[in-house]
Amino acid sequence: MFAGRYLWWMLMGIGIFMFAALSLDYITWLTIQLSGCGDMAGACEPALRLISGVLKPACIWTAIGVLFTATLLRLHTDRSSLSGSSPPRRSSSSLQRMRQR
């Protein structure tokens, strides 16, 4: 049951990373074009610093955190499920039937 949630969070982490790495530069360009601050020199500096200097690294670190946490939780549940139960033992009669075949 955890495998589906694990895959979901891994895909979310990869999606956040892809958004930050590929799309955020275009969103920055679009923001500058639509705001009209490109006409005056230095007017776009706060927006550029916010998006490129704060938002992009925050998105990348968030993606890394999501991927790392999902991986640790997956390893923890795998380890606890393996240590909690032993494999089913076969009875001697079923082993004898297997040998006869």
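## Cysteines and the disulfide

Cys59 counts as buried because its relative accessibility is 15% (buried means under 20% relative accessible area, exposed over 50%, partly exposed in between, with a 1.4 Å probe and protein chains only). This is a predicted model, in which local features need pLDDT of at least 70 and side-chain atom pairs count only at pLDDT 80 or more, while totals for chains, interfaces and linings use all residues. Residues are numbered from 1 along each chain as its sequence is written, and side-chain values use heavy atoms, with hydrogens and water left out.

The structure holds 1 disulfide (a pair of cysteine sulfur atoms within 2.5 Å). Cys37 and Cys44 are the partners, with S to S at 2.0 Å. Their link is right-handed, with 115 degrees about the S-S bond, and both Cys37 and Cys44 are buried.

Ala3 sits in helix α1 (helices are DSSP runs of H or I, at least four residues, and strands are runs of E, at least two, numbered from the N terminus). Ala3 counts as partly exposed because its relative accessibility is 33%. The C-alpha atoms of Ala3 and Arg74 are 7.9 Å apart, although 71 residues separate them along the chain.

Arg74 also lies over the face of Tyr6, at 5.5 Å from the ring centre (a charge sits over a ring if NZ of Lys or CZ of Arg is within 6 Å of the ring centre and within 35 degrees of the ring normal).

Leu22 is another residue to look up here: its place is in helix α1, which covers residues 2-35.
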